[in-house]
Amino acid sequence: EFMIDSAQHGAFGDLTLVCDFENLGIVGHSLGGMMVNHICRQDPRVKAGISLDGSLMGPEATVPFHKPFMFMIAPTFYETFGDEETLGFAGMTKKEFTTSLETFCEANGSNSYRLILKGADHNTFSDAPILTDFLKQIFSTEDIKLDAGTIDGFKAVEIIRTYVGTFFDRYLKGRPSPLLDGTDKRFSADVGFNYWA
């Protein structure tokens, strides 16, 4: 919210002049993904959000806010956030956690999505997939993992970038989206796709 306030008051300098503050979307990874959920709920300026491998934790995290929302997660998502300490912090049982995204999406309606990026791990949604390949070449070893999963780094970046851009094009700019409608199947081998209207 501080960032949006600052941007609206000119923190981006001349770039502020081309910002469309009537159509704001927010995206975040991990803890940033958790926060996207809360900002969408609390700030009416934000019209849509994407959580990249971030779970539903914190006060009222599972309460729907009826705005377009996308979870893009790794197959390891439920292992990453499903340990006893994290669940205790979240105030959830294991069963509540393992159904939390689906339960939220069903209640939220408003064009909610859950995508599972096959071969991904938690850090696939950061720079790690590209850095892993780069560091392996520099140090001539295959032992560098960085929790980036087994998916090719450049392929992961292409898929994530395409879904993020398409989602915001649809819900902030009103553009049609065969990818989100399920008619564009170009990533179907790499993405498990669920949609709630």
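1. L131 counts as partly exposed because its relative accessibility is 39%, where buried means under 20% relative accessible area, exposed over 50%, and partly exposed in between (1.4 Å probe, protein chains only). This residue belongs to helix 7 (residues 128-139); helices (H or I, at least four residues) and strands (E, at least two) are DSSP runs, numbered from the N terminus.

2. A word on the basis of these values: this is a predicted model, with local features needing pLDDT of at least 70, side-chain atom pairs counting only at pLDDT 80 or more, and totals for chains, interfaces and linings using all residues. Residues are numbered from 1 along each chain as its sequence is written, and side-chain values use heavy atoms, leaving out hydrogens and water.

3. Back to helix 7, which also holds A128. With 6% relative accessibility, A128 counts as buried. Its contacts (heavy atoms within 4.5 Å) are N123, L146 and A148, not counting residues up to four places away in sequence. The C-alpha atoms of A128 and A148 are separated by 5.7 Å, although the two residues are 20 apart along the chain.

4. Five strands form an open sheet in the order 1-2-3-4-5, with mixed pairing; two strands pair if DSSP finds at least two bridges between them. Strand 1 (24-29) and strand 5 (191-196) are the edge strands, each pairing on one side only. Strand 4 (residues 112-117) and strand 5 run antiparallel and are joined by six bridges, and L115 stands opposite F193 in strand 5.

5. Which strands does helix 6 (residues 100-108) touch as it packs on the sheet? Helix 6 touches strand 3, strand 4 and strand 5, and its direction makes about 160 degrees with that of strand 3. Axes here are lines fitted to C-alpha atoms, for helices over the stretch in contact, and angles run from 0 to 180 degrees between N-to-C directions.

6. Finally, the salt bridges (a side-chain nitrogen of Lys or Arg within 4 Å of a carboxyl oxygen of Asp or Glu): the count comes to eight. In one of them, the side chains of R45 and D43 meet at 2.7 Å, N to O. D43 is buried at 3% relative accessibility, while R45 is partly exposed at 23%. Another joins D181 and R170, with the closest N and O atoms 2.7 Å apart. That pair links distant parts of the chain, with D181 in helix 9 (residues 178-181) and R170 in helix 8 (residues 153-173).
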